[in-house]
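User: I am new to reading protein models. Can you take me through one, feature by feature?

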Amino acid sequence: MKPLRSEDIAERLDKIRSTLTGGARLVAVSKFHPAEYIKMAHAAGQRLFGESRVQELVEKWEGLRERYPDLVWHFIGPLQTNKVKYIAPFIHMIESVTSERLLLEICRQAQRVGRTIPILLEVHVAREETKSGFSPDELRELLGRIADSPETYRGVALYGLMAMASNVDDEAVISGEFATVHRLFDEIRSSGVLLQPELFTELSMGMSGDYPLALREGATLVRVGSAIFGDRA
Ligand SMILES: *Cc1c(COP(=O)(O)O)cnc(C)c1O
C-alpha cells in the first residue's frame, strides 16, 4: 500500500467535513494507522481521533501529547475491564460502554485518578450477534438503576449513545437502525430518568460506509477511518 501524503489526507478530511450537517463532528478513526497520519490530519485541522485498542492508543497518546496537546481521544472499540486503568488518566470519552461491569470499572478507575470520564452507552441494533452493546430494554433498566443509585456510578458523565448498523448493502435497513437509535435517544432524553439531561447530547453513529445515512438520521458524531486513512493493514 502506498503511503498517503498530507494532501491526500487533507483532501479527504475536507470532503467529509463538507457533508457534516447541523453541528455534527468527525471522529477520525486512526486505529492501525501510524502516528504520522495523525500529525498530517492535525495539520489539516483535525483534533478529534478515535482508537479501538488500548495499547495502541496509549502509545500514540504518549508519543504525541507534548507536541500535540490539543488532540482529543475517543475510545471506540471493545474494552476489557482490566485495561480501563491504562486510559482512565487521559481519555476524553469512552464511546463503547457495552456492559454494566465495564461501566462500574470505568467509575472505579475514574475515581482513582480523580476524574469524571465522559461516556456513551453502546446500543445493539444490528443484525449481527457478534456486535455488542445494550439492547434497548437493557439500556432502560440500566438507566433506572443509575437513577436509583447515583452514588454507585460516580466518576462518569453520560453524554449519549453510540451504535453500529448492520453490515449490509440495503440502505433502508441501515437507516432504519439509525432511526431506531435516534428514537431511543429522544425517549431517554425526555424520560426524566437522566441525572444530567443537559449533558445527554451525543449520538455517535456512522462509519466510512454509512456515515451519510447516519447524518441524515441525526448523528452528532461520525466515526470515519478508512475513508480518510485508507485500508487498515
Ligand atoms: C474501526 C471502527 C470505525 C471506523 O471504521 P471505517 O469503516 O474504517 O470508517 C468506526 N467505529 C468503530 C466502533 C470502529 O471500530
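Analyst: We will go through a helix, a ligand site, some aromatic rings and a few single residues.

User: What should I know before we start?

Analyst: This is a predicted model: local features need pLDDT of at least 70, side-chain atom pairs count only at pLDDT 80 or more, and totals for chains, interfaces and linings use all residues. Residues are numbered from 1 along each chain as its sequence is written, and side-chain values use heavy atoms, with hydrogens and water left out.

User: How do I read a helix, and how many residues does H5 have?

Analyst: Start with the naming. Helices (H or I, at least four residues) and strands (E, at least two) are DSSP runs, numbered from the N terminus. The expected span of a helix is 1.5 Å times one less than its number of residues. Helix H5 covers residues 100-112 and has 13 residues. From its first C-alpha to its last, H5 reaches 18 Å, close to the 18 Å expected. Gly114 follows H5 and has a positive phi, near 70°.

User: Which residues of H5 are buried?

Analyst: Buried means under 20% relative accessible area, exposed means over 50%, and partly exposed is in between (1.4 Å probe, protein chains only). In H5, the buried residues are Leu102, Leu103, Glu105, Ile106, Cys107, Gln109 and Ala110.

User: What covers the buried residues of H5?

Analyst: The cover includes helices H4 (84-87) and H6 (136-148). It also includes strands S4 (93-97), S5 (117-124) and S6 (156-164). Contact here means heavy atoms within 4.5 Å.

User: Now the ligand. Which residues are around the ligand?

Analyst: A residue is near a molecule if one of its heavy atoms lies within 4 Å of it. The residues around the ligand are Val29, Lys31, Ile76, Met162, Met164, Met207, Ser208, Arg223, Val224, Gly225, Ser226 and Arg232.

User: How do I read polar contacts there?

Analyst: A polar contact is a pair of N or O atoms within 3.5 Å. Within protein, one atom must be able to donate a hydrogen and the other to accept it, and residues adjacent in sequence count only if both atoms are side-chain atoms. Lys31 has a polar side-chain atom 2.7 Å from an oxygen atom of the ligand. Gly225 uses its backbone: an N or O atom lies 2.8 Å from an oxygen atom of the ligand. A polar backbone atom of Ser226 is also 2.8 Å from an oxygen atom of the ligand. Taken alone, the ligand exposes 390 Å², and the protein buries 91% of that. Such areas come from the Shrake-Rupley method with a 1.4 Å probe; for residues, only the protein chains shown count as cover.

User: How do I read aromatic pairs, and how many does a search of the whole structure find?

Analyst: A pair of aromatic rings is described by the distance of the centres and the angle of the planes. Rings of Phe, Tyr and Trp (its six-membered ring) pair if their centres lie within 6.5 Å. Planes under 30 degrees apart count as stacked, over 60 as edge-to-face, and the rest as tilted. The search finds four aromatic pairs. One of them joins Phe49 and Trp73. That pair is tilted, at 6.0 Å centre to centre and 45° between the planes. Phe49 lies in strand S2 (residues 48-51) and Trp73 in strand S3 (residues 72-75), so the pair ties together parts 24 residues apart in sequence. Phe49 and Trp73 are buried.

User: Why is the pair of Trp61 and Phe90 stacked?

Analyst: The ring centres of Trp61 and Phe90 are 4.0 Å apart and the planes are at 5°, so the pair is stacked. Trp61 sits in helix H3 (residues 54-64) and Phe90 in the loop between H4 and S4, so this pair links parts 29 residues apart in sequence. Both Trp61 and Phe90 are buried.
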